[in-house]
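Please read the points below alongside the sequence and the coordinates. They are set out as a colleague's note, one topic to a paragraph.

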Amino acid sequence: MKLGVNIDHIATLREARQINEPDPLQAIGICKNAGAEQITTHLREDRRHIDDFDVRRIIESSFLPVNVECSINEEIVEILCKLKPNRITIVPENREEVTTEGGLDLFKNSNRIKSAINKFLENDIMVSLFIDPEISQIEEAKNLNADMIELHTGKYANLGLALNSNLNYTKHKLFTKFNRKELSKMLEDEIKLIKDSVIFANDIGLGVAAGHGLNYQNVLPIAQIKEIEELNIGHSIIANSIFVGLERAIKDMKDLISF
């Protein structure tokens, strides 16, 4: 299973002080040496972390394929058509959100989504769609001519945190109205839904990646779904790198997903 390392939060640290370090570009060689197979980054409309200058330098300098996440904002689409990363992953985007809160609804704004997909394909850029594990959304991704999908694992990750961590004793509580037995059943159902979605997508000819909220504690059940070809993981790797270094953090994740 391939690992794409999302390096956005290196830029988050930089922007916290609004200076020039740490530079996300420095991560590329480390990611390659540690065994990552892809660099992933998100060019947001508000440029809260990665900006146009970062993306251009990353694409021009990366030893690894570059996957850029973006919305269907016309300005962003035009910029990325010129920069030509290996792949675009179209994601939903809300200016007020802390992080991406769910998958694309391919039936909402479908004409704009299709227009963006067509522009990327015309520029010889692979297109992936970040969607929730729902059969109707997967079917529509195929209809829209996407090359692959990335399944949003946020609900799975949040259920695991509510069930298996101390999160609900902090201000970031989740799923508080459910008891442990109910949470356990919901987590089991979510894993099955992801598995079924992956198999269905493969059967209709779509490649499948997965990501969002995956960390060292919860990645194994997702990594065991052998039909998933790639995981994109960012926050937990960058957070862990503060304590063990980026190369060690990536290698530890690779060890977990490679078996």
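1. A salt bridge joins Lys-226 to Glu-227, and the closest N and O atoms of the pair are 3.0 Å apart. Lys-226 counts as exposed because its relative accessibility is 69%, whereas Glu-227, at 26% relative accessibility, counts as partly exposed. The model is a predicted one, and the distances and accessibilities in this note are to be read with that in mind.

2. Salt bridges in the whole structure number 18 according to the search. Another of them pairs Asp-189 with Lys-185, with 2.9 Å between the closest N and O atoms. Both residues belong to helix α8, which covers residues 180-203, and they are four residues apart, or about one turn of the helix. An α-helix has 3.6 residues a turn, so residues three or four places apart point the same way. Asp-189 counts as partly exposed at 38% relative accessibility, and Lys-185 is likewise partly exposed, with a relative accessible area of 44%.

3. Arg-14 makes a salt bridge with Glu-15, in which the closest N and O atoms are 2.8 Å apart. Here Arg-14 is buried, with a relative accessible area of 6%, while Glu-15 is partly exposed, with a relative accessible area of 29%. The pair belongs to a network of salt bridges that links Arg-14, Glu-15, Asp-23, Asp-54 and Arg-57. Side chains of opposite charge can pair when their charged atoms come close.

4. Helix α1 spans residues 8-17, and its buried residues are Asp-8, Ile-10, Ala-11 and Arg-14. Viewed down the axis of α1, these buried residues fall within an arc of 155 degrees, so they line one face of the helix. The face turned away from that buried side carries the exposed residues Ala-16 and Arg-17. As for packing partners, the buried residues of α1 pack against strands β1 (2-6) and β2 (38-42) and against helices α2 (27-34), α3 (52-61) and α10 (235-244).

5. The backbone deserves a check at several places. In the loop between α1 and α2, where Pro-22 lies, the peptide bond from Glu-21 to Pro-22 is cis, with omega near 0 degrees. Arg-47, in the loop between β2 and α3, has a phi near 50 degrees, which is a positive value in a residue other than glycine. Asp-124 is also a residue other than glycine with a positive phi, near 60 degrees; Asp-124 is found in the loop between α5 (110-122) and β5 (126-131) and is exposed, with a relative accessible area of 70%.

6. Which residues form the nonpolar patch on the surface? They are Leu-13, Ile-242, Phe-243 and Val-244, and together they have about 440 Å² of accessible area. Helix α10 supplies the largest share of the patch, namely three residues. Val-244 is found in α10 and counts as partly exposed at 39% relative accessibility. Ala-239 also has its place in helix α10, where its relative accessibility of 28% makes it partly exposed. Between Ala-239 and Gln-38 there are 201 residues of separation in sequence and 18 Å in space, C-alpha to C-alpha.

7. Ile-58, found in helix α3, counts as buried at 1% relative accessibility. Leaving aside residues up to four places away in sequence, Ile-58 touches Ile-7, Leu-25, Ile-28, Ile-39, Ile-50 and Val-66. Ile-58 and Gln-26 are 32 residues apart in sequence, and their C-alpha atoms are 9.5 Å apart in space.

8. Is Gln-137 buried or exposed? At 6% relative accessibility Gln-137 counts as buried, and its place is in helix α6, residues 135-143. The side chain of Gln-137 reaches the backbone nitrogen of Leu-106 at 2.9 Å. Apart from residues up to four places away in sequence, Gln-137 touches Leu-104, Asp-105, Leu-106, Phe-107, Ile-131 and Asp-132, so that Leu-106 figures both in this list and in the side-chain approach to the backbone nitrogen.

Note on methods. Residues are numbered from 1 along each chain as its sequence is written. This is a predicted model: local features need pLDDT of at least 70, side-chain atom pairs count only at pLDDT 80 or more; totals for chains, interfaces and linings use all residues. Side-chain values use heavy atoms; hydrogens and water are left out. Buried means under 20% relative accessible area, exposed over 50%, partly exposed in between (1.4 Å probe, protein chains only). Helices (H or I, at least four residues) and strands (E, at least two) are DSSP runs, numbered from the N terminus. The arc is that of the directions from the helix axis to the C-beta atoms. Contact means heavy atoms within 4.5 Å. Patches are made of residues with over 30% relative accessible area and no salt bridge: like charges are joined within 9 Å, nonpolar side chains (Val, Leu, Ile, Met, Phe, Trp, Tyr) within 5 Å. Accessible areas come from the Shrake-Rupley method with a 1.4 Å probe; for residues, only the protein chains shown count as cover. A salt bridge is a side-chain nitrogen of Lys or Arg within 4 Å of a carboxyl oxygen of Asp or Glu. A polar contact is a pair of N or O atoms within 3.5 Å; within protein, one must be able to donate a hydrogen and the other to accept it, and residues adjacent in sequence count only if both atoms are side-chain atoms.
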